[in-house]
Structure formats: structure tokens, C-alpha cells
Amino acid sequence: MMGAENQGFEEAHLYASKEEMESLVLDEPPSPNANGNGNANSKSFSNYRSAMSSLPDSHHPLSASASTSASTSALAIPADSDPLLAPPPYPEELHSPTSHDNSSYIEPPSYADVIFSPFDGEDINGLESPSRTSDITPASFSRSSSSTGEYIRITVSNPQKEQETSNSIVPGGNTYVTYLITTRTNIPEFEATEFSVRRRFRDVVTLSDRLAESYRGFFVPPRPDKNVVESQVMQKQEFVEQRRVALEKYLMRLSEHPMILKSDEFKVFLQVQGKLPLPTSTDVASRMLDGAVKLPKQLLGETVVAPHEVVQPAKGGRDLLRLFKELKQSVVNDWSGSKPPLVEEDKEFLERKDRVHDLEQQLSNSSQQAESLVKAQQDMGETMGELGLAFIKLTKFENEEAVFNSQRARAVDMKNFATAAVKASRFYRELNLHMVKHLDTLHEYLGLMLAVHSAFSDRSSALLTVQTLLTELSSLQSRSEKLEAASSKIFGGDKTRIRKMEELKETLRVTEDAKNVAIREYERIKENNRTELERLDKERHADFLNMLKGFVVNQVGYAEKIANVWGKVAEETSGYVKESI
Amino acid sequence: MDHQQPQRSLSGSSQSPRSPPSQPYLSVSVIDPVKLGNGVQAYISYRVITKTNLPEYQGPEKIVIRRYSDFVWLHDRLFEKYKGIFIPPLPEKSAVEKFRFSAEFIEMRRQALDLFLNRIASHHELRQSEDLRTFLQVDEEVMERLRAHETGIFKKPADLMQIFKDVQSKVSDVVLGKEKPVEESNPEYEKLKHYIFELENHLAEAQKHAYRLVKRHRELGKSLSDFGKAIKLLGACEGDALGKAFSELGAKSELVSVRLQKEAHQLLMNFEEPIKDYVRAVQSIKATIAERANAFRQQCELAETIKLKEINLDKLMLTRSDKVREAENEYRELKEASEEATRRFETMVILMNEEIVRFQEQKTLDMGVAFHEFAKGQARLANNIADAWRSLLPKLEACSLS
């Protein structure tokens, strides 16, 4: 996968400055849509499927049902259960706008599980998985189609140290960490409803690389960073925990991509016990070695790019010669001033590319501001709580040392005030928790931009391959013509020359084939880009709307709660104002 | 300006002219802060308006111009003359902030000075002070002379904090028994002292958080504003209905931000400042406690000295020394002084007992009002915020249906 060395943006945001952000984001579903059995919302998943059906030949069985659900489903909710259409009794107001069933997700009772200790940042952990139902689809783009009721839930847990048994370069054996990956699903392609495997991070890298190869032109989510660190750090609990979270997110994101979900690679990764039966990406050193072996052959012989190889970009090591050629081509493209044999002509694509670039910038900006907002709200809640606590202490003090009745009276009001402040503080914290989930959509899409970039670069590298082959073809052709012209002058022909001509003709044929394959591949990737862009637009539209709604509903709900709390205190203390006039 | 009205009540308020002429009233207000001078020399002058029908005053209405150090002069004079009474506190000198002279700072100071004068004018003893009359009536040149004259006697008028600190250390020394144990053995009084000292700590903490809360409101306002702007830009990438939704959300966000900034200001004026005022009042009490300790010590010392003198006198009388006359005079003087010291001390005790009752009642009222204003403000803010966001919902709903 192209995203190999780049840190996923969303990861960067996860582990950005504030550890509160980290503790908030944890296992929790980034979307407000946290209940229901996967029939929650069908954004445009079904739309996507019908779009994808244009690639394989047969019409996707779901597309029929997709069209009906797609148009109305985006965020429409059956009117009777839509809390937003009715005037707000506020707990319902906090209802996720996209959930169909009526269990209010943000209702106060669910926070009974929250272990609330006002003045340390750790209380968020109480909100973690234990209190959540296990059939939540946690990913923000949860798009299990409502028409099929499909769902999948992947958890990563139980990290364990294991010993490397095979001969490693370092004597004494290496230890590494494996994770238990548990999948629960009702998708028929998986042939089971619940299964677990143990995988190590290296396996994830393999999966990611194989997917990158198979799904060129698709927006394949980037995998978590490799983080080349020493084994000591590797085993530190914090690092392992971070990685566990990242892996879980990654796998869930993969499952949201309709093509990848059903892909062999993914299924194999999730289901096959024991060693991961996917070809591993060999390390750089051995690839270089490999390539060096091939190079002389390539240089001396007339080795061409085998047609089946053109469907992959030139990889360092194995295809040194091809790499050189393509590099030369790209230099020619950039510097020669002459038009390359085939150019990116699709204006629509170029426009879209620009828009994607804009989007990325604004996403990055918004994501940053969202983080600041979360922090500011967090601080507000904290300080409010501290104020409350200070007055609680003062109340206790007044009660203990009271000499006058006026002190006792004051203590009562002070206590009410302090209690209200602590309550308000709690509300701010909860508000923030939810807001983080909603705004996480921004981070998610920002992270997706990486996948988009790599899909675009799949396209350009495929184009480069085609261009290189075309150039080569034309140079081969002119050589062939020259040879013919030369040999026609000598009657009877030179045996060597004839042989050369035949070889050349053979090379031409093979190269022609390769060119055709490369063009087909390029067209295929172009089409993938196009459909993915459409999918991105639709899903983003739906997700963003969801995000806005969730954000607003959240703000309204908690503002009302806070207003309530203070309104009571204002009433209780209104006597003082009259008294003092 | 929504500052605490209730404080200026008690004996007639600013709308005095309409009260029946027979009822004595004295109403004061501090208004119109004006910055004068340049650079380091800059200062704020205030207009002090006095409305009264009291015969001791020069007329029904008088306006004078005063500056902060004039108030300090008045405070120090009252502190000297009215031992046992909790003199209303002044706002801090705060050299740094003064240099910046923000509008907020100026307004807070004006309010505090107004409160200061009003409390004096409402105190049955203090209001009769001649120094008060001087302060309220003499013109600026006279005031300046008086102020300059006093500078030598007390520590720099600006250095109230220093005085308090000295007093505090003295008092804590006394309380902790560091000095020779010339202390009252009055358990109730001990309790009171302990209460006052502890109270200051609690209040200081409350004030710290109150101030932070003001900051948080401002910070939240700012980030909402920035967030709104960013969201608007993001919406521009989207276009059509969704883009519009983003843009409206961004606009609302900016609106809420403004509301938060307003509330921050209210909080500062109506909550944080009263708590600060409470702290100052407690510090003033501590100063009085120190004075009482001094008075008590004086009384004890004099009593000791007299005993010695008595013994000496008896001795002299026995030996029929010619120093007897001298000694008798000395003894008489000392006796007078001792009685005076005792009187002073006992007055202080009585006054303090009255004052503490008044203080507690007043503070209960003040804090009650402060809590009320806080709660009212927060409720109003939250409701505004809820309304603002709620208005977006139908539009968002429309988006999803389209």
C-alpha cells in the first residue's frame, strides 16, 4: 500500500498533544450512531455497491434494493421516531439523528456507568466498552446496508509477547507482540459468525501491501505506522496499547470499504489460523539483491517487461531496468517540452483533483480548530468543577466554624451553588465526549485523503508505465524499420541480421502486448478513481451532514441541561436580590 | 453597568433628592474615570459626587475630583482613628495593570472605589468622620497637600499590600505564639481569628478559580469563533445544500462566541470582583486583629509597668525620698495612660463584636447576590446557546431530505 511510510493523519490526530483526546477517543464509536444492530443508517453503501457493479460484469444483486434505500435513507428517519421533528423534550434531542431505534444514546441513565471523579482526567475510561453493548458498529462510516442488515465488528485485544523461533540474524531470538483479532459478522461471504486469529504487526503490513497491489486506484485506507523502534519500547504497555487501538481502527476502516470487505486478502487475514498465507513483502535488502541478479540479464538481453508485470508499478530491486526506463520517461515528460505520448486528459478528473486538494486543506484546518475547541470546552468543564469544589470546601468550613446563623444560611446557598457548578462541569465533560466523536469525522476524512493521494498516484504511475511503453514501442519500431531498410539493400540477407530482425519483431510483439495490458490497467485504474471519487462525495456528504447534526443536537441538549441546573439556583437565590434592594 | 446595586443602599441611595427633607441622608458616587498624564506618570481621576442634607456638609451637592491615592489617604486616616472597626477595603494598587489601563480594569476600579465610599457613608460611625467630610469636599490642591503631608507618616500610601503583609506576619506571629505570650485568653476570639485566617485561604482559592473561569469563557469564545470560520471555509468546498449548512453552522458558532465573550465580562464584574472584595474585607479584618493585639499588648505592658511603679513608689515613700513627688506624678500619668489603653482596648473589643456580626450578615447577602448573578448569567447564556443551535436543526433536516 502506498501509504506505507506515511503516518495516517488521523493517527497523528489521535495521538496529538492532549492525552485527554486520546483517552476520549479510545474504543468509542466516532459517530453518534452507536446503537442499533447495524441497521442504523445506510448512507450510500448501497449506492456504492450499485456503482461498483459496473466494473464486474454482472449486476450486483443488491443494486435493486439499493436504489430504493439509497435515496431516502441517507439521513432520513421514519417520521415517528425522528426526535428532531418533534419539539424537544431534551433527552430525546440528544438522540443520534441517524439512529432508527428509540433507545436514547445520550440519555443520563447511561452515564450511571461512568465513574466520575471530577478532578482527574482519567474518568473517561469509565465510559469505555464495558457499558456499551457489544453489537455496536464503532466505525464512523458504519454503512451496513439497511436493506441487507449486514454488519461486521472487529476487535483487537489481548496483546501477548511471543518468541521468534526461526533463525534470526540476532542470536538469542526476537520477541514480538501478537494481537487477538476477533470478528463478529453476519456477512455470508465469511462463512462463520464469530472467529478469532492471532496476528502480529508484520502480518498487517503484509495485508496492507497486498491490498495496495490488488486495489490500485481505490481509496484504500492507510495502515498504522511501522514505528521502527527498539524492542524495549516495543513492549512498553503504552506503545502496545496505542498500536492495538490503531490496528482496530484500521481493520474497521478496511471493513467499511465495500470491495475490500469482501476481498480474499481481508478474509484470509481475519480467518485463517496460524501463519498468514499471503505472500510477504520482502525486505528492501533482499529485493535489491533480487534486482541486482536480474539486472545483468535485463541489460544484456533484450528483456522486456512481461505483460503481466505491467499491472504493477515498477518496484525497486526487482525491476531496476524498468524503473530506470520509467524514470527516464518521467524526466522526458517534465523537461523535454514535447508532449508525452499519452497525457492525463480527463478534465473532470483534474477538476476533481483540485477540489480534493482544497478539501484536504480545509479539512486539516477544521480538524485543527476542532481540536482547539475540544480543549477549550474541556478546560471550561474542568475549571467549573474546580470552582465548585472550592465552594464545597468553603461550605464545609463555614458549617464547621459557624458562629452566626447568617453563616449557616450562607452555607446552604453556597452548597447549592457548588453542587450546580459540579453538575455543570460534568455536563461540559459529557458534551465534549460526544463532540469529539462527531468531530472525529473530520479527522477520519483527513486520514482518508492519504488513501486518495495514493489512489491518484496509482493512476499516475500507471500512466507513466503506459507512456514508457509507448516510447519504447516507438523506438523499437524505428529500429525495426531501420534494420529492414538496411537488410533490403543486401540481397539474400545476412543470417545474423535476419535473426536480429526476427528477434526484434518478437520483442515488438511482446512490447505491444505489454502496452495493451498497461493501457487496460490504466483505464481500469481511471475508472476506479472515478467511482471512488463518486463514492467519496456521496459518503462524505452524508457523513458530514451527520456530523453537523450530531454536533448541533449535542450542543442543544447539553446547553438545555446546563440552563436547567443554573436556572434552579437562580431561582433559589432570587431572594437575595430582592432583599438587597 | 450591571454592578452590585445593593451595596449602596442602607442609608439613602443615589436618588436621594426625593426622600423627605427631614430624613438625613448622605449619598456618594464615584463616576467618570478619566486618564490623565503620560507614560509612567499616568493616573486616573474620578469624579466624586456627594448629595446630602447633613448640616456638617457645605451644601446639598458637591462634586470633587479625586485620584486613587486620595482614597488611600482616607482609608489610612480611618484605619488610624477608628480602631476596632473593619474599614471597607480598597482595590489593589496593582502597578502593572495600572500601566496597561484597560477599560475593564478602569471600570472595576471605579466600581470598587464607589463601593468603598458607599460603605463608609453607610456605616453609622464612619460616616461621621471628619476626614470623610474633608475627602468629599475640599478641592484638589488642598487634597494634594494633605496627601503629600501624610506620605511620610505611613508607609507609602500605595503600599497597602505591604501594610497588610506586615500586619499578617505580626498577627500570625501573635497567633502562633511566636512572640512573648501577651495574648488574650479569649477562646471565642481565638476561634474568630482562626476562622478569619482559614477563610482567607478558602476565598483566595475560590477567587483563583473564578478568575480562571472568566478566562475559560473567553477562550471557549475564541475557539468557537475560529472553528466557525474554519467550518465556513470547509463548507465552501462542498457547495449546494451541504455547503450552506456548513456556512450557517459557522455563522452560529461565531454568534455563540460573541455571547460567551459578553458573559465572560459579566462574570468578571458580578462574580469574580465580589469574591475579590470579600478577600479584601477579610484582609481588612486581619489588620484590625493586629491592631487589637497591639492594643492588648500595650494595655498589658502598661499594667506591668504600673505594678512596678507602685512597688517603687511604696519603696520611695517608706524611705521618704525627695523623689517621691516625681514618682507620684509619673505614677499618676501612667495610671491615666493605662486606663486610656484599657478603655481603648475594651472599645475595640465591643466594636469588633458588633462589626463581626455586621460583617457576616453583609457577606451572606453579598455572596447570595453573587451566586444569583452567576446562576442567572449562566442560565441565560446556556439558553441563548441552546436557542442559537436549535434554530439550525430545521435547516439541517431539510438538507438531508433534499
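**View 1. B:L36 has B:Y43 as its bridge partner in β2(B).** The model is predicted: local features need pLDDT of at least 70, side-chain atom pairs count only at pLDDT 80 or more, and totals for chains, interfaces and linings use all residues. Nine bridges join β1(B) to β2 (residues 43–52) of chain B, and the two run antiparallel. Strands pair if DSSP finds at least two bridges between them. Strands (E, at least two residues) and helices (H or I, at least four) are DSSP runs, numbered from the N terminus.

**View 2. Three strands of chain B form an open, antiparallel sheet in the order β1-β2-β3.** β1 (26–36) and β3 (61–67) of chain B are the edges; each has a single partner strand, so one side of each lacks a neighbour in the sheet. Strand-to-strand twist averages 20°. Axes are lines fitted to C-alpha atoms, for helices over the stretch in contact; angles run from 0 to 180 degrees between N-to-C directions. Helix α1 (residues 68–81) of chain B packs on the sheet and touches β1, β2 and β3 of chain B (heavy atoms within 4.5 Å). Its direction makes about 105° with that of β3(B).

**View 3. A:R216 and A:E521 form a side-chain salt bridge (3.4 Å, N to O).** The criterion is a Lys or Arg side-chain nitrogen within 4 Å of an Asp or Glu carboxyl oxygen. Four salt bridges are counted between domain 1 and domain 2 of chain A. Domain 1 covers 152–162 + 174–285 and domain 2 covers 346–579; the bounds come from an automatic or database domain assignment.

Residues are numbered from 1 along each chain as its sequence is written, chains are lettered from A and ligands numbered from 1 in the order written, and side-chain values use heavy atoms, leaving out hydrogens and water.
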